[in-house]
Structures are given as C-alpha cells and as structure tokens.
Amino acid sequence: MQIYLQLRKKKKLDSKGKIIMGVDPGTNKMGYGVIRIAGNRMEYVVMGYIELSKFKNVYLKLKYIYERVGSLVAEYLPDEVAFEAPFFGENVQSMLKLGRAQGVAMAAVLGYGIEVFEYAPRKVKIAITGQGSASKEQVASMLKNILNIAELPRNLDSTDGLAVAVCHYFQSSRPGFGKSSSGWDDFLRKNPDRVKQ
C-alpha cells in the first residue's frame with residue numbers, strides 16, 4: 001500500500017491525465033480495460049481478461065481474482081475503477097458466485113484506497129451504443145471506433161471491461177447523462193435546451 005501511494009504521488013507529478021480502469025466481473029473470465037483521459041480526449045491503454053476457468057476450487061479462484069486485480073491496479077495506477085454490476089438472473093447459485101467474484105475484485109481495489117463505481121449492464125450498453133439490448137459484438141465495434149483501436153481481441157470479455165471504463169468516463173464527464181425522468185414535465189425541467197420555442 002505504501003509503495004502504491006508513492007507511485008501515485010509520482011504519477012501525479014508527471015501526470016498525463018486521469019486513468020480509469022473498468023472491470024466486467026465473471027466467474028470464468030473477468031474482463032478489464034484501461035483508458036487515459038487527456039483533456040477531453042479518451043486514449044486506449046490496454047484491455048484483457050483474467051482466465052479463471054482453470055481453478056476448480058472456488059476459494060483459490062477468489063484468491064487469484066484478489067491478487068490479479070491488485071496487480072493490475074499496481075501496474076496501471078488508476079485514479080478510479082468502475083465495475084459492471086452483476087446481472088440478476090434466475091439461477092441463484094450463479095448470482096452468488098458472480099457476487100463473490102465482484103466483491104473480491106472490489107476489495108482488492110478498495111485496499112489501495114481507490115474510489116469504486118458500479119454500472120448496470122444495460123447502462124453500459126446504452127452509454128457505448130445507445131441501445132440497452134446491444135450485443136457484445138456491437139459494443140466491441142463501437143469501442144473500436146470511439147478509441148481508434150486497430151484490432152479487437154477474439155475474446156469479447158476484454159471489450160466488456162473496456163466498455164465499463166468508457167461508460168464511467170461518459171457518466172462522470174456529463175453528470176446529467178443517463179439520468180431517468182419520471183415524466184414529460186420532469187424531462188422538460190431537466191432538459192430546457194431540448195425544447196423548441
């Protein structure tokens with residue numbers, strides 16, 4: 001922790017912008033992506049995934065998630081980390097496993113004193129593509145265009161993690177973005193610039 005704080009202090013001195021890491025929790029593959037914000041520009045840094053299917057023991061898997069996410073934080077020194085919230089399905093056991101994986105990953109980040117954010121899967125898709133029902137392929141294709149990525153990886157868990165980082169940037173740079181309205185009156189009050197006179 002002390003070494004991390006020293007590295008962050010040094011990073012602030014020769015800072016080239018804010019670093020945001022996004023994580024898409026999973027029990028077999030956990031995607032991650034890192035972007036740098038320079039002024040109003042997003043720059044792609046890295047994306048990848050943590051392979052977890054090789055672990056048959058659930059506790060060793062959780063230990064590995066904790067260590068691997070911690071090592072990513074130490075390597076890329078993010079200022080903020082955003083997570084995709086678990087999808088609520090019918091299988092309670094799957095939800096429990098996913099919640100544990102996300103919790104351990106969050107604990108690894110929080111241990112470094114970094115602020116954590118969370119976004120619903122639908123919100124991430126809307127932020128990237130404008131459609132809450134977009135496919136992984138559509139999200140990946142939009143990210144390729146937004147961030148000028150030369151080649152996308154075969155495994156789209158990586159782009160899912162990157163999408164969470166980009167979603168967080170959009171949400172934090174445009175505070176009103178994505179806020180819901182409870183009716184037309186509420187919408188018009190929040191968006192006076194969208195009313196034609």
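Visitor: What share of the contacts with a separation of 6 or more in the protein comes from residues 24 or more positions apart?

Guide: A contact means heavy atoms within 4.5 Å. Here, residues 24 or more positions apart account for 59% of the contacts with a separation of 6 or more. Please keep in mind that this is a predicted model, in which local features need pLDDT of at least 70, side-chain atom pairs count only at pLDDT 80 or more, and totals for chains, interfaces and linings use all residues. Residues are numbered from 1 along each chain as its sequence is written, and side-chain values use heavy atoms, with hydrogens and water left out.

Visitor: In what order do the elements of the protein run from the N terminus?

Guide: Elements are DSSP runs numbered from the N terminus: helices are H or I with at least four residues, strands are E with at least two. The protein has seven helices and five strands, and their order is α-β-β-β-α-β-α-β-α-α-α-α.

Visitor: Which residues of H5 are buried, and which are exposed?

Guide: Buried means under 20% relative accessible area, exposed over 50%, and partly exposed in between (1.4 Å probe, protein chains only). In H5, Val139, Ala140, Leu143 and Leu147 are buried. They cover an arc of only 100° around the axis, so they sit on the same side of H5; the arc is that of the directions from the helix axis to the C-beta atoms. Glu137 and Asn145 are exposed on the other side of H5. The buried residues of H5 pack against strand S2 (29-38), strand S3 (41-51), H4 and H6. Just after H5, Asn148 takes a positive phi of about 55°.

Visitor: At what angle do the axes of H4 and H6 cross?

Guide: Axes are lines fitted to C-alpha atoms, for helices over the stretch in contact, with angles from 0 to 180 degrees between N-to-C directions. The axes of H4 (residues 121-129) and H6 (residues 157-173) cross at roughly 75° and come within 9 Å. That makes H4 roughly perpendicular to H6, a class that covers 65 to 115 degrees, while under 35 is roughly parallel, over 145 roughly antiparallel and the rest oblique. Lys123, Val124, Ala127 and Ile128 of H4 make the contact with Ala163, Val164, Val166, Cys167, Phe170 and Gln171 of H6.

Visitor: Is Gly99 buried, partly exposed or exposed?

Guide: Gly99, which lies in helix H3 (residues 92-110), has a relative accessible area of 29% and is therefore partly exposed. Gly99 and Ala85 are 14 residues apart in sequence and 8.7 Å apart in space, C-alpha to C-alpha.
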